[in-house]
Amino acid sequence: MPTERISFNSRTGDRLAARLDLPEGPVLATALFAHCFTCSKDIPAARRIAARLAAMGFAVLRFDFTGLGHSEGEFANTTFTSNVADLIAAAEYLADRQLPPDLLIGHSLGGAAVLRARADIPSARGVVTLGAPFDPGHVTHHFDAALSEIEAKGKAEVTLGGRPFVIGKEFVDDIRAEALEPAIEGLKAALLVLHAPRDETVSIDNAASIFTAAKHPKSFITLDDADHLISRAEDAEYAAEVIAAWAKRYIDMTPPAPPPGAPEGVLRVTEADPDGFLQDVQSGPHHHALADEPLAYGGTNRGMSPYGFVSAGLGACTSMTLRMYARRKGWPLESISVDISHDKVHAQDALPSGPAKIDQFTRRIRLSGPLSDEQRSKLLEIADKCPVHRTLEAGARVVTSLATSGPLEE
């Protein structure tokens, strides 16, 4: 997945650092991601969600708000209103690149910000919130003990997530005065609310209030026992999967005609769990699956094994070939099922040591319907003519090269 490191100007002239995650193929839609309070564009949840959306054809811009991460400016001088202005500036940057955002995604306070900014980003047809507060003033509970000092001195240093930040009185006054309900009622975009019932930072009541205030179309999905930062890989992957599936309903993602010689486009496999073997498999903008290894071989068994996918391809191609032939002949074939087994083990095949083995796929075909013995015999013969069968028996050439850019970031 190509990633551009870019920057753009905020409304106050500060340079805001950003990453633009791009799909390998054509851009089918654009998403703008707003991170949580005092977080950055590079938190695991933002990176995983961006990677998942890029795999299905989205360009995804995630940036650091003023004074955070690699962006210029003083955090102490920012407010909720200035965060919203940063979002609008990001949307304007995308529009200047002919990539106006179709989807706004906001995490925690970033979720409140995208709800507020939507009115000034008319291209957005969908809004997604993750663990967002209904009342932005909710964030002041992070530094309750310093509020009296902020009132008295105009600012105070607080520790958030183990890091020091200076919070100014203007920020506190601004966020306390903000009321999101009118913005939510007038959203004029599809809304997806994602929230964890056990979120101890922003309670689930906030999600209920956001959902109630919004007009249809709106959806709510629980993140179960995810933490507020969605720090576990499996929770971030689940959130990304839900967002990707939901977005397709409200955003036109019709791909252009594929290039000659590649009728199915590019299939991308992205590592989803560096500690195990879980892989994210995306075939164009519409088809997604997970690949993994069984528990016995160090995986988490959340998807088919690589050989399972090969077997599935053989079985599916066999069934399709038989159906096509019987349909053309007008034969009374009512249903088909194909059982495939492969005699190799899984993870050990990746090791260089050990004796060579021959791959054997055992295929058992069941044909239902009043077919004659001659018809059944002919269909068994036709099964060997399925294209995947021929590829496996003839062998194939794999051409490999190293991409100049990828999903890994510094």
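Which residues lie nearest the centre of the largest cavity? The points below take up this question after a few words on the basis of the values.

1. Basis. This is a predicted model, in which local features need pLDDT of at least 70, side-chain atom pairs count only at pLDDT 80 or more, and totals for chains, interfaces and linings use all residues. Residues are numbered from 1 along each chain as its sequence is written, and side-chain values use heavy atoms, with hydrogens and water left out.

2. Overall make-up. The protein chain holds 11 helices and 15 strands, where helices (H or I, at least four residues) and strands (E, at least two) are DSSP runs numbered from the N terminus. Its C-alpha atoms fill a box of roughly 90 × 50 × 40 Å along the principal axes. Of the 410 residues, 46% are buried, buried meaning under 20% relative accessible area with a 1.4 Å probe and protein chains only. Among contacts (heavy atoms within 4.5 Å) with a separation of 6 or more, 65% are between residues 24 or more positions apart.

3. A search of the whole structure finds 2 cavities of 30 Å³ or more; a cavity is a set of points, on a 1 Å grid over the protein atoms alone, where a 1.4 Å probe fits but cannot get out, and lining residues have an atom within 4 Å of a point. Grid points are joined across faces, edges and corners, and a volume is the space filled by probe spheres set on the points. The largest cavity has a volume of about 90 Å³, and of its 13 lining residues Phe37, Thr38, Phe65, Asn83 and Leu109 lie nearest its centre. By class, this lining has 8 nonpolar, 5 polar and no charged residues, with Ala, Val, Leu, Ile, Met, Phe, Trp, Tyr, Cys and Pro counted as nonpolar, Asp, Glu, Lys and Arg as charged, and the others, Gly among them, as polar.

4. H3 gives the most to the lining of the largest cavity, with 3 residues. This helix, residues 109–117, is mostly covered, since 8 of its 9 residues are buried, including Leu109, Val114 and Leu115. Thr38, in the loop between strand S3 (29–34) and H1, counts as buried because its relative accessible area is 8%. Leaving aside residues up to four places away in sequence, Thr38 touches Leu68, Phe75, Leu160, Arg163 and Phe165.

5. The second largest cavity. Its volume is about 40 Å³, and its lining has 4 nonpolar, 4 polar and 2 charged residues. Among the residues that line this cavity are His107, His195, Asp199, Asp227 and His228.

6. The mixed sheet. An open sheet with mixed pairing is formed by 8 strands in the order S1-S2-S4-S3-S5-S6-S9-S10, two strands being paired if DSSP finds at least two bridges between them. The edge strands, each pairing on one side only, are S1 and strand S10 (218–222). Neighbouring strands of this sheet are turned by 20° against each other on average, direction ignored, with axes as lines fitted to C-alpha atoms, for helices over the stretch in contact, and angles running from 0 to 180 degrees between N-to-C directions. H1 packs on the sheet, touching S2, S3, strand S4 (58–63), strand S5 (103–107) and strand S6 (126–130), and its direction makes about 160° with that of S4. Helix H8 (residues 233–250) also packs on the sheet, where it touches S4, S5, S6, strand S9 (190–195) and S10, and its direction makes about 170° with that of S9.

7. Strand S1 (residues 3–9) pairs with strand S2 (residues 15–21) in the antiparallel sense over 7 bridges. The bridge partner of Thr3 in S2 is Asp21, and that of Arg5 is Arg19. The hairpin has 5 residues between the strands, and Gly13 takes a positive phi near 95° there.

8. The antiparallel sheet. A further open sheet has 3 strands in the order S11-S12-S13, with antiparallel pairing. Its edge strands are strand S11 (267–271) and strand S13 (287–291). Strand S12 (residues 279–283) and S13 pair over 5 bridges, and Gln282 has His288 as its bridge partner in S13.

9. Ala50. This residue is placed in helix H1 (residues 44–55), and Ala50 counts as buried because its relative accessibility is 2%. The C-alpha atoms of Ala50 and Asp373, 323 residues apart along the chain, are separated by 55 Å.

Conventions. Buried < 20%, exposed > 50% of the residue type's maximum accessible area, 1.4 Å probe, protein only. 1 Å grid on protein atoms, 1.4 Å probe; cavity = no way out; pocket = protein on both sides within 12 Å on 5 of 7 lines; lining within 4 Å.
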